[in-house]
Amino acid sequence: MKLFADTAFVDNQWKNDVVVSISDGYITSVEVGTKEPLAGVEKVQGILVPGVPNLHSHAFQRAFAGLAEMRQNGIAQDNFWSWRSTMYEFAKRLTPDQVGIIAEQLYIEMLKSGYTSVAEFHYLHHTQKGKPYKNVTIMSDQVVSAAKNTGISITHLPVLYCYGGFGQRKPSSEQMRFASDVDSYDKIIGNLIDKYKHDESVNIGCALHSLRAIDNGLLKNCIELTNQYSKELPIHIHIAEQEKEVSDCLISSGHRPVEWLFERASIDQRWTLIHATHISDEELTLIADSQCVVGLCPSTEANLGDGIFPAAEFIELGGSFGIGSDSQITINPFDELRMLEYGQRLKHRKRGMVASYRESSIGESLVTRALKGGAQALGIAAGSIEEGMKADLLVLDRETPNLAEKPLAQLFDCLIFAGSHGAVKDVMTGGEWRIRDGRHPNEDNVLKNFKRIMKGLNTVC
Ligand SMILES: [Zn+2]
């Protein structure tokens, strides 16, 4: 397959008259300056740019989004922990079928907004009574099938979650659906790796829920276990999201969370630290120097009252980040990037924060960093239009008011700061068109199923 674009963002630069050749889902060549599209070459109807990797998602929370905004009786101050209790109540009721339907709905929405791949941080493993299903990967299989049915490529990250809190606290009854020991976790991850090892659209990685949910021994066991499968597997962990998490870690171990992790594991490019909101200057330098990725989820972090990651300082240190939709209250990569930049502007009372002084376009800085960091976090060759990368592509509609007649150099600025709604026209993943003219071929059926299950679920909160 060959695509011709009048304008494309090739290897992080705007180019005209571009032919992209694709074979077996990957870009095999990119030619610039081709005047007329040849016979058999498809001309795209807009601007060709790379699709955005979503590095942090809890699919089931799509059905819960918006249902935790009512003030609860008897709770003086709603916060992350009270939100978490409501979320646990919701999660307690979900069946494998429901999880699959929710994930399909979510992944279609992701594709339509410009995400072409997703890292699914998956901890809902067991039955409603907290026992393993006979098929221990049934929940993971539902989520992976949803990705395959919709066409989004997935890095599936089954989560190791052993304890209910620091100090090896026993999981609560609500947490039993998530809880595994290393042996039962090995069964889940081994089974998934075996099942999907020949599938180009599925990548399996590993996740540790948080330092609250593991201890030193489990951290070592889990890294050893994943290394037996491959030393390249991505490893993700929630870290330092809440101030209470930092103070509990200090009480329990005498160390701050990031400091604790770096002392016990070799953190490198395969690692993604989700949130890392509350960190010291020393911890920020440790993270930037390690070349791991920080997974930022700005709309969720705002919604949960987490705090603001020191992104401006991190950029100055040469750190890498990607973005995630996390609790699914926002499913749009460009809205997340706007929120990220605005958080920094509000904090510092300055403009143009998530870019180095050498970069002129703030939008381009945000997008290129999210593409690179996101692809690294998912462990896939993607995020750029160049030879050897996955053919995960977006066609942006140049006719939308926010993009019409705008200078190319400011296109990502307009997409992020003037609004992207309606701008993503066509979406390709792995060399196949999934969205055409803003529509997914299965969206009506999937929405019908989603509405059917929501009737029973929206009464829980
Ligand atoms: Zn999360």
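Gln328 lies in the loop between strand S14 (320-323) and helix H11 (333-348); helices (H or I, at least four residues) and strands (E, at least two) are DSSP runs numbered from the N terminus. Residues are numbered from 1 along each chain as its sequence is written. The model is predicted, so local features need pLDDT of at least 70, side-chain atom pairs count only at pLDDT 80 or more, and totals for chains, interfaces and linings use all residues.

Although Gln328 is not a glycine, its phi is positive, near 70 degrees. Gln328 counts as buried because it has 23 C-beta neighbours inside 10 Å; the term requires 20 or more other C-beta atoms within 10 Å, whereas exposed means 12 or fewer and partly exposed lies in between, with C-beta atoms placed from the backbone.

Asp11, in the loop between strand S1 (2-10) and strand S2 (13-23), also has a positive phi, about 45 degrees, without being a glycine. With 14 C-beta neighbours inside 10 Å, Asp11 is partly exposed.

Leaving aside residues up to four places away in sequence, Tyr107 touches Val118, Ala146, Ala147, Thr150 and Ile152, contact meaning C-beta atoms, placed from the backbone, within 7 Å.

Conventions. Two residues are in contact if their C-beta atoms, placed from the backbone, lie within 7 Å.
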